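My entries follow in the order in which I went through the contacts.

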Amino acid sequence: MVKDPINIVWLKRDIRTLDHAPLQAAEQRGIPYYIIYLFEPELMAHPDTSDRHLQFVYHSILDFNRKLSGFNRTIEIMEEDATSAFEYLITNHNISEVFSHRESGIQLTWERDKSVYNLLKSNNIHWTQFKRDGIERGIKDRDGWDKQWYVTMSQSQIHNTYSPQELAPLAHPFPLTSTLKKRLSDYPKKFQPAGESNAWKYLNSFTNERGKDYHRLISKPLESRTSCGRISPYLAWGNISIKQAVQHIKGHENYPHNKRAFNGILTRLKWHCHFIQKFEVECSYETICINRGYELLERPLNESFVKAWKAGKTGFPLVDACMRCVAQTGWINFRMRAMVVSILCHHLDQDWRTGVYHLANHFLDYEPGIHYPQFQMQAGTTGVNTIRMYNPIKQSQEHDYEGKFIKMWVPELREVPTEFIHEPWKMTEMDMTFNNITPPLDYPKPLVDLTESGKKARAKIWGHRKHQAVKAEKKRIVKTHTRNN
Ligand SMILES: Cc1cc2nc3c(=O)[nH]c(=O)nc-3n(C[C@H](O)[C@H](O)[C@H](O)COP(=O)(O)OP(=O)(O)OC[C@H]3O[C@@H](n4cnc5c(N)ncnc54)[C@H](O)[C@@H]3O)c2cc1C
């Protein structure tokens with residue numbers, strides 16, 4: 001017996017009920033449809049993925065289901081690799097069309113998408129992949145990209161409507177195993193709460209109150225935790241679209257009063273897409289230097305340096321505070337991210353690949369399209385951007401003068417007075433005794449001498465820029481990733 005046709009909406013990094021083109025298309029077709037999310041074992045085992053990402057996704061799904069419960073609609077969750085899940089669905093159901101957003105992901109998701117595409121095509125099933133957040137597919141350079149981005153951002157949002165689900169739940173043999181379900185359910189409170197409802201709570205609190213000093217406090221490790229948008233995980237997992245965020249901020253009644261602050265965040269929302277666009281064109285940046293010429297630059301592995309960096313035990317208080325804070329909370333601000341990468345790759349002279357997955361795992365807002373290009377930019381392997389080396393002592397003096405953030409995350413330094421908090425190794429035994437600290441201080445000495453390591457690093461990275469291979473690559477990068485008109 002021929003089964004009635006159904007359509008499938010495949011959710012990926014777009015778990016929201018509004019401004020959602022695939023869900024709108026499914027509604028408009030007028031035939032029954034299911035909404036699915038796949039927890040794919042192959043992707044979950046990839047070193048970029050951590051439990052906090054999966055938990056965020058799972059709790060976003062629960063929020064989505066709550067929102068659509070009045071329509072009897074829920075996301076059908078499967079624990080299976082996409083190709084195999086679709087093979088089953090095609091064999092056992094009569095799928096007419098599939099809808100999703102395009103994914104600008106890593107090589108693994110790109111290959112997965114190609115395999116699903118071929119499978120669907122060979123079964124005469126049309127898969128419509130909608131543009132995500134102003135990211136273009138198939139472009140060879142950036143000509144006209146900026147203009148198009150503004151056009152996309154000014155278009156109307158989709159006000160999705162939902163018809164009640166009348167079908168029985170989708171039959172499949174891939175329910176969540178109890179082990180995974182437990183892992184997903186136990187989402188620690190210390191992370192930002194997941195889902196569309198929380199995305200709007202954070203965005204509203206930014207525009208209503210928190211955001212007025214955005215530009216002034218953006219680099220402060222402590223104050224930025226409340227003054228920044230903090231919408232990055234919601235954008236990364238698609239609980240809101242960039243267009244929703246842009247239009248909300250621009251149209252907000254506080255915009256005229258907070259122009260400097262709000263324009264600051266609006267600029268960054270464009271950067272968000274600018275970086276993902278780079279990755280959309282070249283996802284090998286997950287594993288290979290953006291400028292291939294930097295593959296020739298040797299950085300001998302020093303395992304104890306990498307281990308100390310990951311554990312927050314470099315002996316540089318602000319670096320250690322950041323590394324411990326991000327492990328615990330999933331977020332540090334842009335400058336602190338740039339600084340910890342700078343220390344690893346320049347001062348400790350380690351290859352960027354020794355730390356890139358560690359931070360990907362820890363960032364709750366892990367977005368491949370921003371993460372790898374940004375990481376490489378700070379590591380100096382793009383060969384086109386100015387190389388900034390952050391001095392953690394200077395950063396600490398400028399942005400955490402009293403050491404409040406440091407003391408919050410590095411309890412070993414709680415009794416250290418302000419004059420030594422940025423350079424505790426300068427305290428003599430007498431200084432410690434005067435401050436009720438029993439010597440020796442239970443905190444490591446700095447791994448390197450910053451003046452020496454900075455000098456070496458500058459000579460190394462700028463020197464390598466003159467290499468023929470770097471120069472040749474530079475032309476390709478400028479042509480592909482920067483605007484030519
Ligand atoms: C090494 C490194 C890795 C990074 N990895 C990620 C990542 O995986 N995911 C991620 O979303 N951001 C990443 N960033 C960029 C930036 O640090 C975060 O977007 C920002 O800290 C998020 O906090 P927020 O939402 O409060 O940002 P806000 O300052 O409030 O900005 C609003 C939004 O603009 C975008 N944005 C802000 N700064 C940048 C930037 N420099 N480049 C691109 N987009 C930006 C983000 O979507 C952010 O949510 C990385 C930066 C560095 C240096």
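I began with charges over rings, counted where NZ of Lys or CZ of Arg is within 6 Å of the ring centre and within 35 degrees of the ring normal. Arg13 lies over the face of Trp237, and I noted 3.9 Å from the ring centre. I also found the charged end of Arg142 over the ring of Trp145, at 4.6 Å from its centre.

The model is a predicted one, in which local features need pLDDT of at least 70 and side-chain atom pairs count only at pLDDT 80 or more, while totals for chains, interfaces and linings use all residues. Residues are numbered from 1 along each chain as its sequence is written, and side-chain values use heavy atoms, with hydrogens and water left out.

Next I turned to ring pairs, where rings of Phe, Tyr and Trp (its six-membered ring) pair if their centres lie within 6.5 Å, with planes under 30 degrees apart counted as stacked, over 60 as edge-to-face and the rest as tilted. I recorded 16 aromatic pairs by this rule. Phe206, Tyr214, Tyr255 and Phe262 are joined into a cluster by ring pairs.

I then looked at single bridges together with their burial (buried means under 20% relative accessible area, exposed over 50%, partly exposed in between, with a 1.4 Å probe and protein chains only). Helices here are DSSP runs (H or I, at least four residues), numbered from the N terminus.

Lys270 and Asp146 meet through their side chains in a salt bridge of 2.8 Å, N to O. Lys270 lies in helix H13 (residues 259–281) and Asp146 in helix H6 (residues 145–154), so this pair ties together parts that are 124 residues apart in sequence. I found both Lys270 and Asp146 buried.

For Asp349 and Arg299, the closest N and O atoms of the salt bridge are 2.6 Å apart. Asp349 sits in the loop between helix H16 (334–347) and helix H17 (356–362), and Arg299 in the loop between H13 and helix H14 (303–311), so the pair ties together parts 50 residues apart in sequence. Asp349 is partly exposed at 23% relative accessibility, whereas Arg299 is buried at 15%.

Lastly, I looked up Glu111, which forms a salt bridge with Lys114, the closest N and O atoms being 3.6 Å apart. Because Glu111 and Lys114 are 3 residues apart in helix H5 (residues 107–122), about one helical turn separates them.

How values were computed: A salt bridge is a side-chain nitrogen of Lys or Arg within 4 Å of a carboxyl oxygen of Asp or Glu. Helices (H or I, at least four residues) and strands (E, at least two) are DSSP runs, numbered from the N terminus.
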